[in-house]
Amino acid sequence: MERLTTEAAFQDTIKSDKPIIIKFYADWCPDCKRLDMFIGDIMDEFNQYTWYEINSDEVEGIAQKYDVMGIPSILIFQNGEKKAHQHSAYTKTPESVREFLEQQLG
């Protein structure tokens, strides 16, 4: 999973004409660490998509700009638009993340 470290890199990345998946996280977040324990298997299942991550504490204002009120959150972007958003409360199990991605990406 490629890490985005600036808003400019983030903005450039979300312009993709193909759907991309971005995980919002923070180093201090215990739920983020739990997600990291199973996200690799899900990335393998959805490997036709490019995955990125962004630390919402390091890139100031990016979380607020895209209504990320809790972390971890998984967002799908295409052509510069947010297409889908799975909020933190629903990212706690592999099943819920997998179901979200299947619903949004087919």
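Start with Lys92, which is partly exposed at 36% relative accessibility. Keep in mind that this is a predicted model. The side chain of Lys92 meets that of Asp31 in a salt bridge, 2.8 Å from N to O. That pair links distant parts of the chain: Lys92 sits in the loop between E5 and helix H4 (94-105), Asp31 in helix H2, and they are 61 residues apart.

Asp36 forms a salt bridge with Lys23, with the closest N and O atoms 2.5 Å apart. Here Asp36 belongs to helix H2 (residues 30-45) and Lys23 to strand E2 (residues 20-25), 13 residues apart. Lys23 counts as buried, at 3% relative accessibility, while Asp36 is partly exposed at 39%.

Lys23 has a further partner: its side chain meets Glu53 in a salt bridge of 3.1 Å, N to O. Because Glu53 lies in strand E3 (residues 50-55) and Lys23 in strand E2, this pair ties together parts that are 30 residues apart in sequence. Glu53 is buried as well, at 16% relative accessibility. Put together, Lys23, Asp36 and Glu53 make up a network of salt bridges. Across the whole structure, a search finds eight salt bridges.

E4 (residues 73-78) and E5 (residues 81-86) run antiparallel and are joined by five bridges.

Terms used: Residues numbered from 1 in each chain as written. Predicted model: local features only at pLDDT ≥ 70, side-chain atom pairs only at ≥ 80, totals over all residues. Heavy atoms only, no water. Pairing = 2+ DSSP bridges. Helix = DSSP H or I, 4+ residues; strand = E, 2+ residues; numbered from the N terminus. Salt bridge = Lys/Arg side-chain N within 4 Å of Asp/Glu carboxyl O. Buried < 20%, exposed > 50% of the residue type's maximum accessible area, 1.4 Å probe, protein only.
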